[in-house]
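I opened this model to check a few local features. My notes follow the order in which I looked them up.

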Amino acid sequence: MAYYLTIDQGNSEAKMALWEGSELVDFSMEPALTPTRVSNFLGGKRLRGAIYCSVAREDVDIVRHLRHIAPLALRLTPDTPLPITIAYRTPATLGADRVAAAVGAWSDYAGNDILVVDAGTAVTFDYVDREGVYRGGNIAPGISMELRSLHEFTRRLPLIPFPEDMPALCSAGLMGRDTREAISLGVVYAVLAQIDFYRRRLPEGTVTVLGGGCGHHLASVCGFDVKLDEHLVSKGLNRILLYNEK
């Protein structure tokens with residue numbers, strides 16, 4: 001069997017995904033990644049390929065380990081060949097996770113205009129046109145970042161935990177009835193409004209693909225059609241790996 005490993009190193013945790021061709025076989029989130037944890041995750045399976053991307057510093061030990069255990073081992077960089085075209089003025093500053101998410105969305109919805117929303121620590125909004133050209137995107141604070149900043153940059157606003165049950169929160173209505181509810185609703189509705197803002201201004205028929213750690217929470221309260229993909233970045237990394245293998 002042909003197994004492929006993708007590693008998405010984020011700001012606070014790493015996401016490992018094991019693929020058999022283009023099918024997801026296993027997935028794990030690790031607060032701290034080591035070569036031993038990578039090997040334990042594989043459970044003795046032999047790899048045909050592996051790819052690593054990071055929005056933080058590159059983990060040299062992990063990259064070396066991948067080169068040791070996989071015949072094809074890639075680190076996603078601005079020079080990595082891609083199945084989409086990047087039309088960005090400064091490709092060297094474009095986050096690898098944003099590139100991977102765009103490829104992941106394109107792999108499922110090729111031929112459509114696509115709004116790619118990756119909701120995590122930050123929320124990114126990226127546009128891939130129907131020709132497979134990445135046209136650019138924007139970056140905004142994520143929900144947890146907004147909650148923390150409201151507490152840290154004001155004198156009296158409390159630190160509100162992440163609203164895990166968004167449907168229950170939003171059932172309260174449009175306006176909060178106490179300070180905690182006002183902050184939670186304000187932050188959640190702000191992100192939803194941003195998604196709606198972009199989708200309404202892109203070409204008619206644009207597909208909105210929602211991923212990231214907060215994606216499934218937001219999808220539960222969207223009043224418009226979104227395609228949820230909780231493994232969007234990992235899927236994109238695997239497609240890039242398969243593309244380079246060929």
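These entries cover a strand pair, a helix and a proline.

**Entry 1: the strand pair.** I kept in mind that this is a predicted model. I began with β4, residues 47-54, and looked for its link to β5, residues 72-75. The two strands run parallel, and I noted 4 bridges between them. One position I looked up was G49, whose bridge partner in β5 is L72. Next I traced the connection.

**Entry 2: helix α3.** What span should α3 have, and how far apart are its end C-alpha atoms? The helix covers residues 96-109, which is 14 residues. At 1.5 Å a residue it should span 20 Å. Its end C-alpha atoms lie 20 Å apart, so the two values agree.

I then checked burial, with the cut-off under 20% relative accessible area. In α3, 11 of the 14 residues are buried, so the rest of the structure largely encloses this helix. Among the buried residues are A96, D97, R98 and W106. The list also includes V99, V103 and G104. After α3 comes G111, and I noted its positive phi, near 95°.

**Entry 3: P161.** Where does P161 sit? I found P161 in the loop between α4 (143-152) and α5 (166-170). Leaving out residues up to four places away in sequence, P161 touches L147 and R180. I also looked up the separation of P161 and L147. They are 14 residues apart in sequence, and their C-alpha atoms are 7.6 Å apart in space.

How values were computed. Residues numbered from 1 in each chain as written. Predicted model: local features only at pLDDT ≥ 70, side-chain atom pairs only at ≥ 80, totals over all residues. Heavy atoms only, no water. Pairing = 2+ DSSP bridges. Contact = heavy atoms within 4.5 Å. Expected span 1.5 Å × (residues − 1). Buried < 20%, exposed > 50% of the residue type's maximum accessible area, 1.4 Å probe, protein only.
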